[in-house]
Amino acid sequence: MPQLLDAIQQRFACRAFHPDRPLTATQLALLCEAGRLAPSAFGLEPWRFIPVTDAAPRARIAGACFDQPAATSAAAFIVIVALVAALDPDSDYVRARFEAEARGGEVAPIDAAYRALCRDTPLAAWAQGQCHFAAAQMLLQATHMGLGSCPIGGFDAAALAQSLSLAPGEVPALVIALGQCAEPAPARIRKPLE
Ligand SMILES: Cc1cc2nc3c(=O)[nH]c(=O)nc-3n(C[C@H](O)[C@H](O)[C@H](O)COP(=O)(O)O)c2cc1C
């Protein structure tokens, strides 16, 4: 049985894809499912996943990513959007998530802890951090499925938001470029475990 560590060892940031080898709807759904099941603080799941496969919107996203090679050659993207406005502690979104998180128990302690966090924490950066957990699971799932991937944080957020018609308070957190990788894995660079 393949081990999870195999995928962890094999994943790398691919910068050259076969742009003409599309992902299937099933593959994209599996990647989104891997993200959906990611952990999030307070169970808030402050994300939205936007798969992009058509050539014209892909080109617009690549442009928003400054036409980096991973973006211009990607066969598909999943853009992870942080639901920043929804994180207002008085929002219906937060109340619904806390009721789910409490599993029929008391919502008040969760609510109080969250309000304390909100007093000290810039929520946009916090939400983007949550989105990175979903991203990590998607990247490993892609490797497990034999797909290449590259997380892209280098983008013009305003251009990306415009190209995706994001609502106010929805903030791009990360672009994941996907496809069949057209380059060999480079040597791994990591600090030693010690
Ligand atoms: C949050 C985040 C943002 C990143 N942004 C970019 C990017 O904009 N362009 C790019 O080519 N790689 C990007 N990377 C990939 C890293 O450069 C890469 O993961 C790192 O060099 C380690 O290499 P490896 O993933 O192949 O092990 C990003 C990675 C992360 C986690």
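I took two strands as paired if DSSP finds at least two bridges between them. Helices (H or I, at least four residues) and strands (E, at least two) are DSSP runs, numbered from the N terminus.

**Ground rules.** I am working on a predicted model: local features need pLDDT of at least 70, side-chain atom pairs count only at pLDDT 80 or more, and totals for chains, interfaces and linings use all residues. Residue numbers start from 1 along each chain as its sequence is written.

**Sheet.** I started with S2 and strand S4 (residues 170-179). Eight bridges join the two, and they run antiparallel. I looked up two of the pairs. Ala-76 stands opposite Leu-178 in S4. Leu-83 has Glu-170 of S4 as its bridge partner.

Next I checked the other side of S4. S3 and S4 are also antiparallel, over five bridges. Here Pro-151 faces Ile-176 in S4.

What is the order of the four strands in the open sheet? I read it as S1-S2-S4-S3, with antiparallel pairing. Strand S1 (47-52) and strand S3 (148-152) are the edges, each pairing on one side only. From one strand to the next the twist averages 20°. I took axes as lines fitted to C-alpha atoms, for helices over the stretch in contact, with angles running from 0 to 180 degrees between N-to-C directions.

Helix H7 (residues 123-144) packs on this sheet and touches S1, S2, S3 and S4. The direction of H7 makes about 15° with that of S4. For contact I required C-beta atoms, placed from the backbone, within 7 Å.

I called a residue buried if 20 or more other C-beta atoms lie within 10 Å of its own, exposed if 12 or fewer, and partly exposed in between, with C-beta atoms placed from the backbone. S4 is mostly covered: ten of its ten residues are buried.

I then looked for nonpolar cores, meaning sets of buried Ala, Val, Leu, Ile, Met, Phe, Trp, Tyr and Cys residues joined through C-beta atoms within 7 Å. The largest has 49 residues. Its members that touch the most others are Phe-77, Ile-80, Val-175, Ile-176, Ala-177 and Leu-178. Strand S2 (residues 76-83) gives the largest share of this core, eight residues.

I followed up Leu-178. Setting aside residues up to four places away in sequence, Leu-178 touches Leu-23, Ala-74, Ala-75, Ala-76, Phe-77, Ile-78, Ala-142, Leu-147 and Ser-149.

**Helix H6.** Helix H6 (residues 108-120) has 13 residues. I found 19 Å from its first C-alpha to its last, close to the 18 Å expected at 1.5 Å a residue. That expected span is 1.5 Å times one less than the number of residues. How many of the 13 residues of H6 are buried? The count is zero, and H6 is hardly covered.

**Two positive phi values.** I checked two residues other than glycine. Glu-45 has phi near 40°, and Phe-66 has phi near 60°.

Glu-45 sits in the loop between helix H2 (25-36) and S1. Is Glu-45 buried or exposed? Glu-45 is buried, because 23 other C-beta atoms lie within 10 Å. Apart from neighbours within four places in sequence, Glu-45 contacts Ser-40 and Arg-97. I also noted its separation from Cys-118: 73 residues in sequence, 16 Å in space, C-alpha to C-alpha.

Phe-66 lies in the loop between helix H3 (55-64) and helix H4 (69-73). Phe-66 has 13 C-beta neighbours inside 10 Å, so I logged it as partly exposed.

**Whole chain.** I counted eight helices and four strands in the protein chain. From the N terminus on, the elements run α-α-β-α-α-β-α-α-α-β-α-β. The radius of gyration of the protein chain is 18 Å, close to the 16 Å that the globule rule gives for 194 residues, so the chain is as compact as a globular protein of that length. I took the radius over C-alpha atoms, and the rule is 2.2 Å times the number of residues to the power 0.38.

Along its principal axes the C-alpha trace spans about 50 × 40 × 35 Å. Buried residues make up 34% of the 194. Of the contacts between residues at least 6 apart in sequence, 84% join residues at least 24 apart.

Conventions: Contact = placed C-beta atoms within 7 Å.
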